[in-house]
Amino acid sequence: MSNAPKPNQPIVTHIYTADPSAHVFDGKLYIYPSHDLDHDGPDNDNGDQYAMEDYHILSLDNFESPVVDHGEALHVRDVKWASKQMWAPDAAYKNNTYYLFFPARDHDGIFRIGVATSESPAGPFKPEDNYMEGSYSIDPAVFVDEDNEAYMYFGGLWGGQLEKWQTGSFKAEVVDGPAADAPAIGPRVVRLSEDMKSFASEIHEISIIDEDGNPIVAGDEDRRYFEGPWLHKYNGLYYLSYSTGTTHKLVYAVGTNPLGPFTFKGTILTPVIGWTTHHSIVEFEDKWYLFYHDCSLSEGVNHKRSVKYTELHYNEDGTIQTIDPYKE
Ligand code: FUB
């Protein structure tokens, strides 16, 4: 069909979308993106320009069929604990229920992570009254392992407030991370309860190490974690991929345990047009795909992004081939 999405092109153009979390549910591809607002406000390092208010879920039967926008699935006005900024979401399926996990600022301006449920992968989703107890920061990514244990990966620097949680409690005045030669702040992982609505373990800070076993340091901005974690499994190994933020790459590290440590391996996606880069990796009909976003449709406006996809290839040794999304 002529309006089927094309690789490395916006999969929809009637709205701005970002931070795609792609999943296969019931044999179809569902994409859970942020819904960027088309506003002309200023841009800052706190991320105030990312003023999103709701989520729209997208789906496609396959890459020959058009993308369906299922309309508003959840709006901030319906989330009692949240005040603004519905950032990068993710979804999971367990207990015959679809779960939408999403970050937003609470009424004190602190980012928290909430959960909402639906009988349908396309929503609408009904939010819990309170955020997940003990949650903080942004970018939840939920991975359900083959043994049915579910883990949530999360956290982001700068506007995502992870620096402010270095002591284990929120310190509004803290803006700096560790010294350049000290281990970088790691993403967080926590095991989810059977009903997926609460934390069933302590929150664990993930260690990302180099090939010699040394922690990646905070000053190593080409490799250190910034935001947007994603966990997938390939050939029995756990692949943690994420954005390096200030150096605008999507990179990955591999481990044998979902809690880490993960050994840094390389770059998945070179920088895209726009400041942020955020992704997911999904297997669909025996091929692997990278969903990502850039700001080409808005001609470079950081908070007006568009979700795209491209095929992802592994080498025989399990490493991932680097993608340049603009290569002819
Ligand atoms: O969309 C708002 C924020 O921008 C996300 O939470 C980050 O990962 C970055 O993409």
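Predicted model: local features only at pLDDT ≥ 70, side-chain atom pairs only at ≥ 80, totals over all residues.
Figure 1. Strand β20 covers residues 287–294. Its pairing with β19 is antiparallel and extends over 5 bridges.

**Figure 2. The open sheet formed by β19, β20 and β21.** Three strands make up this open sheet, and their order is β19-β20-β21. The pairing within the sheet is antiparallel. Strands β19 (280–284) and β21 (306–312) are the edge strands, and each of them pairs on one side only. From one strand to the next, the twist averages 30 degrees.

**Figure 3. The surroundings of the ligand.** Which pocket holds the ligand? The ligand sits in the second largest pocket. The residues that surround the ligand include Asp19, Met52, Trp87, Ala88, Ile138 and Asp139. Also among them are Glu227, Thr276, His278, His293 and Arg305.

**Figure 4. Polar side-chain atoms beside the ligand.** Asp19, one of the surrounding residues, has a polar side-chain atom that lies 2.5 Å from an oxygen atom of the ligand. For His278, an N or O atom of the side chain is 2.7 Å from an oxygen atom of the ligand. In Arg305, a polar side-chain atom lies 2.7 Å from an oxygen atom of the ligand. How much of the area that the ligand exposes when taken alone does the protein bury? Taken alone, the ligand exposes 280 Å², and the protein buries 99% of that area.

**Figure 5. The open sheet formed by β1, β2, β3 and β4.** This open sheet has 4 strands in the order β1-β2-β3-β4, and the pairing is antiparallel. Why is one side of β1 and of β4 left without a neighbour in the sheet? Strands β1 (16–25) and β4 (68–75) stand at the edges with a single partner strand each, and therefore one side of each has no neighbour in the sheet. The twist from one strand to the next averages 25 degrees.

Figure 6. Strand β2 consists of residues 28–36, and strand β3 consists of residues 54–60. The two strands pair in the antiparallel sense over 3 bridges. Which residue of β3 does Leu29 stand opposite? The residue opposite Leu29 is Leu60 in β3.

Note on methods
Residues numbered from 1 in each chain as written. Heavy atoms only, no water. Pairing = 2+ DSSP bridges. Axes fitted to C-alpha atoms, helices over the stretch in contact; angles between N-to-C directions. Near = heavy atom within 4 Å. Polar contact = N/O pair within 3.5 Å; in protein donor to acceptor, adjacent residues only side chain to side chain. Areas by Shrake-Rupley, 256 points an atom, 1.4 Å probe, with all protein chains shown as cover. 1 Å grid on protein atoms, 1.4 Å probe; cavity = no way out; pocket = protein on both sides within 12 Å on 5 of 7 lines; lining within 4 Å. Sits in = over half its atoms within 2 Å of the grid points.
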